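The sequence and structure come first.

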Amino acid sequence: MEEESDSRKINNSFLRDHNYATEADIISTVEFNSTGELLATGDKGGRVVVFQREQESKNQPHRRGEYNVYSTFQSHEPEFDYLKSLEIEEKINKIRWLPQQNAAYFLLSTNDKTVKLWKISERDKRPEGYNLKDEDGRIRDPATITTLRVPVLRPMDLMVEAAPRRVFSNAHTYHINSISVNSDYETFMSTDDLRINLWNLEITNRSFNIVDIKPTNMEELTEVITAAEFHPHHCNTFVYSSSKGSIRLCDMRAAALCDNHSKFFEEPEDPSNRSFFSEIISSISDVKFSHSGRYLMTRDYLTVKVWDLNMESKPLETYQVHDYLRSKLCSLYENDCIFDKFECVWNGSDSVIMTGSYNNFFRMFDRNTKRDVTLEASRENSKPRAILKPRKVCVGGKRRKDEISVDSLDFSKKILHTAWHPSENIIAVAATNNLYIFQDKVN
Amino acid sequence: MEYKVEAHRIMSISLGKIYNSRIQRGGIKLHKNLLVSLVLRSARQVYLSDYYSGACLNAQSEREGNEWDIMDSEREKFPPSATECDRAESPEEPQQSKQPEASDKEREYRENDDEVKSDQADCTSTLQQEQNPNPSLDSVGNVSPPETINEPKESPSDSSVAERQSTPVANGESHQAPKTHVCSNRKRSAEESESGDSPQKRTKVASSNSKEDEEGEEMDTSNVSNLITIFGSSFSGLLSKDSAKPEAEAEDSGQICCDQMLKNLNPWSTAIVAF
């Protein structure tokens with residue numbers, strides 16, 4: 001698949017010429033809204049940056065709808081839990097857009113403990129001609145008022161404001177790892193390591209616990225919840241993945257507390273691959289429903305799997321993302337890379353899946369043609385508007401030109417977060433503190 | 001033997017990670033610590049099964065043989081030399097039922113509040129741990145046998161060892177305060193113990209370990225002391241005694257006490273300690 005690269009490099013660090021990036025600028029989540037018009041990114045410093053696609057203009061037909069910064073706001077601040085003497089990180093773990101219902105845009109953003117609903121709205125008019133205060137806002141001396149007038153709205157420069165409309169807090173003892181908006185557009189769920197809570201978007205002082213896997217004796221803990229998502233069409237169905245590599249599908253109509261699953265998806269472990277780290281690499285880091293709602297995709301450390309909801313015994317398809325790392329698990333354990341949580345995404349038609357890897361590589365798998373490609377998101381290797389060149393990692397033996405050997409991979413450059421436009425072939429790839437947006441080449 | 005070195009290295013790294021997670025920003029991450037403790041447990045199983053395979057004393061194993069008649073059915077589950085060596089390690093000391101200490105310890109870990117009550121108990125339990133290398137896992141097995149059975153991934157061998165051993169020796173004698181200083185030596189890299197309790201064991205351990213573990217020594221002892229910090233005041237009795245004694249033969253004893261610590265370690269406790 002050929003791609004025209006239209007790199008938008010957003011780097012807030014002043015040390016942009018160095019490889020070092022301020023930690024606060026590391027992008028921690030990327031999400032398109034339901035129309036693809038907006039793209040939101042969250043970073044470790046608690047900021048959310050929203051990009052908007054500019055309207056296609058006939059004057060510059062080759063600049064097909066580039067994304068520009070639309071709004072930036074500080075969503076979460078670092079907090080301190082006095083009871084436990086713990087600092088709560090302000091890193092944005094997930095952003096999910098709400099479907100658009102009026103002129104304003106709404107999104108949910110969450111850190112480890114608190115979910116916030118943000119309203120992003122435009123203001124392009126302002127009232128002028130107040131009686132009691134003058135244009136600067138200063139109160140006028142009533143004695144000087146001799147006439148009355150009606151304020152009128154006059155156009156002004158476009159201003160985009162973001163305001164927190166709801167704060168959903170104090171419902172999670174453990175760290176929130178995902179949020180998911182329900183298809184009924186009234187509720188959403190927030191998931192931490194051991195519990196899933198259901199909220200109404202309007203009500204912040206009450207949430208319902210729908211899954212609780214905390215054992216009475218914490219010493220018996222064997223698995224945690226790693227991700228959860230609502231079904232795209234059935235508002236009663238959701239799935240959650242575990243650190244043991246299993247996925248459970250639950251129906252909220254069955255019981256108030258969905259500890260008993262309706263379906264259980266797990267592939268038996270291949271005993272020949274057993275090692276000290278088998279449990280770690282089988283832990284699922286992301287789970288996503290297909291747009292159709294028929295399939296489920298899961299990402300563990302080395303593979304991406306596509307499951308059919310009707311078949312629980314094994315996945316439909318398994319794709320190796322970077323199997324050459326299997327022999328390096330011990331070093332990856334030492335440098336903590338084995339704990340990296342990669343995400344995975346579907347394209348709009350559910351025919352292609354994409355996920356990230358190391359060395360700023362990301363991989364795409366075409367489910368129909370069974371072809372796959374490895375691409376790189378880096379400044380050095382792609383000029384704006386250049387076509388991305390497929391990359392290849394050489395496992396052993398003779399290294400061909402343009403191939404990169406496993407030992408020269410840079411494990412500090414990892415692509416954990418990617419997003420795919422809901423209907424077009426536009427992808428957003430977060431490489432540490434840089435955001436790359438790639439578009440498909442047309443004609 | 002390379003497995004043993006590798007397993008030992010992985011255990012040290014895992015302990016380091018658990019320790020570092022305490023000072024990480026944002027609090028302890030349950031998921032990561034759970035995974036690290038799983039690795040720690042797997043490595044420990046390999047390490048222990050490998051460790052005891054070559055270090056048995058035949059005479060002692062015979063004497064303890066009848067104690068282990070009950071164990072026969074369990075022997076298929078794990079290398080037979082492992083159990084015999086467990087007992088061989090502690091020929092003289094009878095095993096006291098660890099149930100009270102264990103539940104104290106777990107209660108402390110679970111609630112993470114009042115550590116004072118466990119001080120004395122832990123001192124005793126660590127004492128017994130030094131002679132009986134798998135006590136913490138045993139005690140977990142004792143307290144909640146149904147759960148351990150349901151979870152095949154947890155060392156079933158160790159748990160079943162525990163269940164069996166507590167029954168026949170429930171009325172063993174108990175060693176209390178006089179031996180406290182012994183267990184303190186075990187836990188720190190400090191000094192060669194004056195204990196004549198099990199000189200054979202120490203010598204045996206030293207000989208099999210000294211050659212390949214010296215390079216990992218530094219990290220091990222620092223990990224051990226870090227672990228003590230993790231466990232907090234439950235080891236305060238041990239720490240105060242340690243500071244008074246000079247360091248001697250740090251290598252061997254450091255390695256031994258690290259080994260002992262690593263064997264004793266209940267991975268769940270350390271990972272869950274803050275929760």
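Two residues are in contact when they have heavy atoms within 4.5 Å of each other. Leaving aside neighbours within four places in sequence, A:Thr41 is in contact with A:Ile27, A:Thr29, A:Val30, A:Arg47, A:Val48, A:Val49, A:Phe51, A:Ile95 and A:Leu435. A:Thr41 lies in strand E3 (residues 38-43) of chain A; helices (H or I, at least four residues) and strands (E, at least two) are DSSP runs, numbered from the N terminus. With a relative accessibility of 6%, A:Thr41 counts as buried. Buried here means under 20% relative accessible area, exposed means over 50%, and partly exposed lies in between, with a 1.4 Å probe and protein chains only.

The model is predicted: local features need pLDDT of at least 70 and side-chain atom pairs count only at pLDDT 80 or more, while totals for chains, interfaces and linings use all residues. Residues are numbered from 1 along each chain as its sequence is written, chains are lettered from A and ligands numbered from 1 in the order in which they are written, and side-chain values use heavy atoms, with hydrogens and water left out.

**The two chains**

Chain A has two helices and 32 strands, whereas chain B has 16 helices and zero strands. Of the 443 residues in chain A, 53% are buried; of the 275 residues in chain B, 58% are buried. Among chain A contacts between residues at least 6 apart in sequence, 53% join residues at least 24 apart. In chain B, residues 24 or more positions apart account for 81% of the contacts with a separation of 6 or more.

**Local features of chain A**

Most residues other than glycine have a negative phi. A:Asp350 has a positive phi, near 65°, and sits in the loop between strand E24 (344-346) and strand E25 (352-356). A:Asn359 also has a positive phi, near 60°, and is found in the loop between E25 and strand E26 (361-366). A:Asp350 is buried because its relative accessibility is 8%, and A:Asn359 is buried at 8% as well.

A:Met364 lies in strand E26 and is buried, with a relative accessible area of 3%. Its C-alpha atom is 4.3 Å from that of A:Met354, 10 residues away along the chain.

Which cysteine sulfur is nearest to that of A:Cys250? A search of the whole structure finds zero disulfides, a disulfide being a pair of cysteine sulfur atoms within 2.5 Å. For A:Cys250 the nearest cysteine sulfur is that of A:Cys258, 5.3 Å away. A:Cys250 is buried, with a relative accessible area of 0%, and A:Cys394 is buried at 7%.

**The interface**

At the interface, 37 residues of chain B are in contact with 32 residues of chain A. The two chains bury about 3,200 Å² between them, 60% of it on carbon and sulfur atoms; buried area is the accessible area (1.4 Å probe) that two parts lose on being put together, summed over both. B:Arg25, B:Leu30 and B:His31 supply 20% of the area that chain B buries against chain A, more than any other three residues.

Seven salt bridges cross this interface. A salt bridge is a side-chain nitrogen of Lys or Arg within 4 Å of a carboxyl oxygen of Asp or Glu. On the chain B side, the elements that give two or more residues are helices H1 (2-22), H2 (30-52), H6 (99-111) and H16 (267-272). H2 of chain B gives the most, with 12 residues.

**Salt bridges**

Side chains of opposite charge can pair when their charged atoms come close. Over all chains, the count comes to 36 salt bridges. Four of them are listed here.

| Pair | N to O distance |
|---|---|
| B:Lys32 and A:Asp336 | 2.8 Å |
| A:Asp136 and A:Arg138 | 3.5 Å |
| A:Asp407 and A:Lys328 | 3.4 Å |
| A:Asp410 and A:Lys413 | 4.0 Å |

A:Asp407 and A:Lys328 are 79 residues apart and link distant parts of the chain. A:Asp407 is exposed at 63% relative accessibility, while A:Lys328 is partly exposed at 25%.
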